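Please open the model in your viewer and keep the sequence panel beside it. The stops below each say what to select next and what is to be found there.

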Amino acid sequence: MLAIDAGNSKTDVALVGPDGTVLGTARGGGFRPPVVGTERAVGGLARLVEEAARRAGGSGPPRVGHVSACLANADLPSEEEALTEALTGHGWGDTVTVANDIFALLRAGVADDGEPTGVAVVCGAGINCAGLGHGGRTARFPAIGRLSGDWGGGGFLSEEALWWAARAEDGRGEPTELARALPAHFGLTTMYELIEAVHLGRLEPSHRYALTPVLFAVAAGGDAVARAIVDRQAEEVVTMATVALTRLDLLAEETPVILGGGVLAARHPQLDDRVRELLAERAPKAAPRVVTVPPVLGAALLGLDGTGAPPAAYARLRAHYDGAEGAATQRARTGVTETDGDEMGTGSPSRA
């Protein structure tokens, strides 16, 4: 089986044997079909697939029984169909399934025995939510950004912080420490200088996304404006989770709510505490859990689900990624992210 988890900021590929043994892996940059086109984005996966095959002892592109791909920007049925067709065209597997990458996080966080049910919210570059209910029912959101009603994620939070800081400096908004802290992050003294640097291209647009940790640091210092932004993010996370639980008739039973993505995985105390408080109020039976294991595990588990694999295969696969979860948690807490703009697509993140 070939498992692929392709997000906006990074892509993981794994070749997995029928017994759950991870035979070879590779990691690369973000996967952004809206930026470079479907064919080019999928073509950019080929280097990683061949690298994983080499590490598994092969040469050239592999041929496997099944390709399980969880991909960012597979938000609409038409996008899933186009990506499935493009992956099939590469001939890597006898069969191909494509799902949004939110399902990799969800599958990684739910149990392997019995019917998988649960809800996942990812808050990374953007925000998304999906749920699995009884009988294979699903709950999803388009997750295309503000156009589809979304609010939040690292990219959005940095823009929101800049907006409030700009208004604070010129008097249109409330005073906030963000007006000093955001330009200071780039060695500047005023928001006017920062606005000018971004507008004239002296700062790459993608550099703005490094401001999200600054927002959380200012909020932790007690700044009212920054704290309000963080509280709004918690509200959005819980709203999405609660709506998904309601649509799947899961509010009345113990259900895991899987939280992932860089913003949530960092476990910022204000955000983490507020998410749990709101979930306890609105969905008392929900069991929140932050998952930082590489989501490619979830893509591989979805692949095993379709093969009738024995429990030992699931245990072996999960054991391979146990150590990776601790490392990912540490990266998230220190604000370290892994990005590598390449032919798979670059540009400022907008979606989860």
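**A covered strand and its partners**

Select β6 together with strand β7 (residues 127-132): the two pair in the antiparallel sense over six bridges, where two strands count as paired if DSSP finds at least two bridges between them. Helices (H or I, at least four residues) and strands (E, at least two) are DSSP runs, numbered from the N terminus. This is a predicted model, in which local features need pLDDT of at least 70 and side-chain atom pairs count only at pLDDT 80 or more, while totals for chains, interfaces and linings use all residues. Residues are numbered from 1 along each chain as its sequence is written, and side-chain values use heavy atoms, with hydrogens and water left out.

Within this pairing, the bridge partner of alanine 120 in β7 is alanine 130, and β6 and β7 form a hairpin with three residues between them.

Are the residues of strand β6 (residues 118-123) buried or exposed? Six of its six residues are buried, buried meaning under 20% relative accessible area, exposed over 50%, and partly exposed in between (1.4 Å probe, protein chains only). In a regular strand the side chains alternate between the two faces of the sheet. In β6 both faces are covered, with Gly118, Ala120 and Val122 buried on one side and Val119, Val121 and Cys123 buried on the other.

**The five-stranded sheet**

Next, select the five strands that form an open sheet in the order β3-β2-β1-β4-β5, with mixed pairing. At its edges lie β3 (22-28) and β5 (93-100), each of which pairs on one side only. Neighbouring strands of this sheet are turned by 10° against each other on average, direction ignored; the axes are lines fitted to C-alpha atoms, for helices over the stretch in contact, and angles run from 0 to 180 degrees between N-to-C directions. Zooming in on strand β1 (residues 2-6) and strand β2 (residues 11-16), you will find antiparallel pairing over five bridges, and leucine 2 has leucine 15 in β2 as its bridge partner.

Select asparagine 73, in the loop between β4 (64-71) and α4. Its phi is near 70°, a positive value in a residue other than glycine, and asparagine 73 counts as buried at 4% relative accessibility. Most residues other than glycine have a negative phi, and most peptide bonds are trans.

Move on to helix α4 (residues 77-89), whose 13 residues reach 18 Å from the first C-alpha to the last, close to the 18 Å expected at 1.5 Å a residue; the expected span is 1.5 Å times one less than the number of residues. Which residues of α4 are buried? They are Glu80, Leu83, Ala86 and Leu87. These four lie on the same side of α4 because they cover an arc of only 130° around the axis, the arc being that of the directions from the helix axis to the C-beta atoms. On the other side of α4, Pro77, Glu81, Glu85 and Gly89 are exposed. After α4 comes glycine 91, which has a positive phi, near 70°.

**Aromatic rings**

Show the side chains of tryptophan 151 and phenylalanine 156. The count comes to two aromatic pairs, where rings of Phe, Tyr and Trp (its six-membered ring) pair if their centres lie within 6.5 Å, and planes under 30 degrees apart count as stacked, over 60 as edge-to-face and the rest as tilted. Tryptophan 151 and phenylalanine 156 form a tilted pair, 4.8 Å centre to centre with 55° between the planes, and both residues are buried. The other pair to select is tryptophan 163 with tryptophan 164, which is edge-to-face because the planes stand at 85°, with the ring centres 5.1 Å apart. Tryptophan 163 is partly exposed at 45% relative accessibility, and tryptophan 164 is partly exposed at 22%.

Finally, select arginine 247, which lies over the face of phenylalanine 141 at 5.2 Å from the ring centre; a charge sits over a ring if NZ of Lys or CZ of Arg is within 6 Å of the ring centre and within 35 degrees of the ring normal.
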